[in-house]
Amino acid sequence: MALKVVEYISLFLSLLFGEYLKDLTMSILRMFSFGSISEPETKLDPASIKLIRESWSEVEKGDLQETGLVVFRRLFEIAPYLRDLFPFGYNPDGKDLKAHALGVMSTVGVAVRGLDDLESLKPKLVELGALHKGFEITDKEFKHVGEAIIWTLDKGLGDQFTPEVKAAWVEAYGLITTTMKEGLK
């Protein structure tokens with residue numbers, strides 16, 4: 001089931017502006033929404049895909065394992081309780097977290113390469129969601145992971161992480177997590 005537009009906008013706004021502005025904007029949107037709200041697009045436009053691939057190419061020039069560790073450090077700063085969900089615990093110097101961090105970054109790379117054919121990517125994303133089902137992941141955890149990834153991209157890419165690049169990544173993350181959530185059911 002696709003994410004409703006209001007929920008999609010909510011995720012987008014919270015990643016861009018934080019909870020306060022998201023809540024304010026969502027309240028205003030709800031005041032003016034009449035009738036049913038249509039489902040979001042299920043694919044990215046070519047310009048967004050290009051921005052994502054160009055920025056990911058820069059990320060891949062560095063150490064993907066270290067980038068993944070930065071994502072996890074940030075994730076555990078945002079939501080320390082998530083440390084308990086990892087069977088290998090939180091040890092930034094431990095081989096298990098390093099391996100997992102590299103695996104996550106490799107998976108992001110697969111997703112980036114498949115953005116222009118989300119239907120082919122869909123079974124992999126649903127399977128990835130199913131792998132996380134036992135951890136009782138909710139929208140809140142997906143949001144935290146998105147925040148950590150966006151923050152890491154921002155810090156790593158610096159001036160290259162323009163508002164347009166950020167918007168493209170946020171949109172892609174929304175589509176990817178929507179698909180992953182199908183595996184949680």
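Predicted model: local features only at pLDDT ≥ 70, side-chain atom pairs only at ≥ 80, totals over all residues.
**Cavity, pocket and helices**

Biologist: How many cavities of 30 Å³ or more does a search of the whole structure find?
Modeller: A cavity is a set of points, on a 1 Å grid over the protein atoms alone, where a 1.4 Å probe fits but cannot get out. Points are joined across faces, edges and corners. At 30 Å³ or more, the number of cavities found is one.

Biologist: What kind of model is this?
Modeller: Residues are numbered from 1 along each chain as its sequence is written, and side-chain values use heavy atoms, leaving out hydrogens and water.

Biologist: Which helix has the highest confidence in the chain?
Modeller: Helices are DSSP runs (H or I, at least four residues), numbered from the N terminus. Across the chain the mean pLDDT is 81, and 77% of residues reach 70 or more. Confidence is lowest in α2 (residues 19–32), at a mean of 44. The highest mean, 97, belongs to α3.

Biologist: How many contacts beyond four places in sequence does the model have for residues 19–41?
Modeller: A contact is a pair of heavy atoms within 4.5 Å. Over residues 19–41 the pLDDT stays under 50. The contacts there number 23.

Biologist: What is the volume of the largest cavity?
Modeller: A volume is the space filled by probe spheres set on the grid points. For the largest cavity it is about 50 Å³.

Biologist: Which helix gives the largest share of the lining of the largest cavity?
Modeller: Lining residues have an atom within 4 Å of a point. Among them here are Trp56, Met105 and Trp169. Helices α4 (64–78), α5 (95–113) and α7 (139–157) each supply at least two. The largest share, three residues, comes from α7.

Biologist: How many charged residues are in the lining of the largest cavity?
Modeller: Ala, Val, Leu, Ile, Met, Phe, Trp, Tyr, Cys and Pro count as nonpolar, Asp, Glu, Lys and Arg as charged, and the others, Gly among them, as polar. This lining has seven nonpolar and two polar residues.

Biologist: Which helix gives the largest share of the lining of the largest pocket?
Modeller: A pocket is an open set of points with protein on both sides within 12 Å along at least five of seven lines. The largest has a volume of about 860 Å³. Of its 34 lining residues, those closest to the centre are Val104, Leu128, His132, Val145 and Met180. The largest share, eight residues, comes from α5.

Biologist: How far apart are the end C-alpha atoms of α7?
Modeller: The expected span of a helix is 1.5 Å times one less than its number of residues. With 19 residues, α7 should therefore span 27 Å. The model agrees, at 27 Å.

Biologist: Is serine 55 buried or exposed?
Modeller: Serine 55 lies in α3. Beyond four places in sequence, serine 55 contacts Leu157, Val165 and Trp169. Buried means under 20% relative accessible area, exposed over 50%, and partly exposed in between (1.4 Å probe, protein chains only). Serine 55 has 5% relative accessibility, so it counts as buried.

Biologist: What is the relative accessible area of threonine 179?
Modeller: Threonine 179 sits in helix α8. Not counting residues up to four places away, threonine 179 touches Lys122, Leu125 and Val126. Threonine 179 is buried, with a relative accessible area of 15%.

Technical notes. pLDDT = per-residue confidence, 0-100.
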